[in-house]
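Visitor: Could you walk me through reading pockets in a model like this one? I'd like the general idea, then the case at hand.

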Amino acid sequence: MTTTAVREPVRPAPPGAPRRPRPGRVRRIGLPYLLLLPALLLELLVHLVPMVIGIVMSFKELTQFYIRDWGTAPWTGLGNYQVSMDFSAPVGEALLHSFLVTVAFTLLSVGLCWLIGTAAAICMQDTFRGRGLLRALFLVPYALPVYAAVITWVFMFQHDNGLVNHVLHDQLHLTDKPSFWLIGDNSFWALLTVSVWKGWPFAFLIVMAGLQNIPRDLYEAAALDGAGVWQQIRRITLPSLRPVNQVLVLVLFLWTFNDFNTPYVLFGRAAPEAADLISVHIYQASFVTWNFGTGSAMSVLLLLFLLVVTGVYLVLTSRGRRAASDA
């Protein structure tokens, strides 16, 4: 003889009573935040805390005399910013020169990286023998460690036994005498060469990924209508790559403007005047002259400049996207 338990009917909650969240739903909602917690803590410790400390240091007269206990350094208010922005004084004049050099270097490097990467990606779209090998070779500069790649370029730019002078002077006879590439005015072009060499494969990779989303039917229809290669690139490829290029140019700009490893490994602690990028200039102002207050003020000014440029760029690109979608 079996007995069955009689369940009591579930009574509905009265109107207006708060609904209790189910435990399973709470766990599902809270799990993503729990998984993100270690990354948020590391981001806080690695980026946000040093940034706040650097901002505080920019308002202090922090020199080598207060390194042991930098909290006792006297407050100087906006004094460090006034010294950095006084372009008629030696410190401000040197900072302005470094800023202009960095702007010119960034514009040339980003433009050449985008141009070479886009051209290589377009050429790699057609199927031919050895395409996979060429794609892999194109990514070698981006895959190499920065220090190993730049040190190799240091040997190539040597005055007496460097490969660059050997090719330009001894083989091609393009120069009257071997050039100095790591000092003087030529240092800017040496730095630009290394930056473009190691940066264009990233543009190539991003553009090549963006080209995969363009339907091949568009090119076939354009070819049937009589459009040539350049017309297809102008009317189909570049407009379709506009969202990809907007992100790519911004990332390349931020990376290049803040680049420290390339000039530091290429020239050492004292970069030539023609290649005095602002990242190395701030390093020299902080760790060579031991004036951490002024160096911190320069870093904050650089951060503000990059934030303003990024905000303006995002506003302009968003307006361009809205205008293109409305049209």
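Visitor: How much space lies in the largest pocket?

Guide: Some ground rules to start: this is a predicted model, where local features need pLDDT of at least 70, side-chain atom pairs count only at pLDDT 80 or more, and totals for chains, interfaces and linings use all residues. Residues are numbered from 1 along each chain as its sequence is written, and side-chain values use heavy atoms, with hydrogens and water left out. On a 1 Å grid over the protein atoms alone, a pocket is an open set of points where a 1.4 Å probe fits, with protein on both sides within 12 Å along at least five of seven lines. Points are joined across faces, edges and corners, and the volume is the space filled by probe spheres set on them. Here that comes to about 760 Å³.

Visitor: Which residues lie nearest the centre of the largest pocket?

Guide: Lining residues have an atom within 4 Å of a point. There are 24 of them here, with Pro50, Met51, Ile282, Ser299 and Val300 nearest the centre.

Visitor: Which helix gives the most to that lining?

Guide: Helices are DSSP runs (H or I, at least four residues), numbered from the N terminus. H1 leads with nine residues; H13 (278–288) and H14 (292–326) each supply at least two.

Visitor: How do the lining residues divide by class?

Guide: Ala, Val, Leu, Ile, Met, Phe, Trp, Tyr, Cys and Pro count as nonpolar, Asp, Glu, Lys and Arg as charged, and the others, Gly among them, as polar. The largest pocket has 15 nonpolar, eight polar and one charged.

Visitor: What volume does the second largest pocket have?

Guide: About 440 Å³. H10 supplies the largest share of its lining, seven residues.
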